[in-house]
Amino acid sequence: MTLKLYVDRLSQSCREVIIFCKLNGIEFEEVYIRLSKRQQLSAEYREINPIQQIPAIMDGRFKLSESHAILRYLACAFPRIADHWYPADLYKRAKVESVLDWHRTTFPRGPGSYVFYSVLAPSVGLPLNSKAAARTEKNLIAALATIESVWLQEKGRFLLGSNQPSIADLSLACEIMQLEALDEKDRERILGPFKRVLKWLDDTKNVMEPHFEEVHLTLYKVKEKLQKQRITQSGRKPVLHSKM
């Protein structure tokens, strides 16, 4: 039976699962769960994931939620998945796990929260919150500094000194891509000081093309819409920027 992915590409957690499947030739059916219409709260979707969050998958009769768990499952369940994604070696795998666990405990207060409080809140009927944005920015800067000084090592292009990406690279890259929704000045202010992070992000994107870019088109459209709104509010003419 065809693997089903229950996703909305506005979610970075969903994007990482979609990209992984595309990169590894895993056939799937993409079932669109529209967050803006709160479809994840429907009774039908509760049968797939009682927690009512996305992403979730159904592989035959097997159901699974949480993006990191899904990535681990896909890397093990499907044939011919390259070992660098989720190494069989116990020590290498444990290192990848350490990044994934750090990601989940640290970044929920990072890019997504900062972008929400800074630019996205009005889209769901809430006001912008500069105080909350300032708090989350501190967490975001600290997390970027940890990536730069701890997880990125001089001997390899990717996390943990590897020369090939793991599911940790994919997941963290999709998380940081949330900052694309910001205007260029704000994004440069936050990411600009972290040269190694920027180089790693470029390397990760490049090695995952064309799928990384294609799956992020939804995010780029959100960015364009927000830019037009800012221009309308300020009365300025648009300044077009190329994608990262």
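Lys and Arg are counted here as positive and Asp and Glu as negative, with His and the chain ends not counted. The place of a charge is NZ of Lys, CZ of Arg, CG of Asp or CD of Glu. On this basis the protein carries 37 positive and 29 negative side chains, and the centres of the two sets are 5 Å apart.

The model is predicted: local features need pLDDT of at least 70, side-chain atom pairs count only at pLDDT 80 or more, and totals for chains, interfaces and linings use all residues. Residues are numbered from 1 along each chain as its sequence is written, and side-chain values use heavy atoms, leaving out hydrogens and water.

The table gives overall values.

| Property | Value |
|---|---|
| C-alpha span along the principal axes | about 55 × 50 × 30 Å |
| Buried residues (under 20% relative accessible area, 1.4 Å probe, protein chains only) | 47% of the 244 residues |
| Accessible surface (Shrake-Rupley method, 1.4 Å probe) | about 12,800 Å² |
| Carbon and sulfur part of the accessible surface | 53% |

Leaving aside neighbours within four places in sequence, Phe-20 is in contact (heavy atoms within 4.5 Å) with Ile-26, Leu-71, Leu-74, Ala-75, Ile-81, Trp-85, Ile-167 and Leu-170.

Terms used: Buried < 20%, exposed > 50% of the residue type's maximum accessible area, 1.4 Å probe, protein only.
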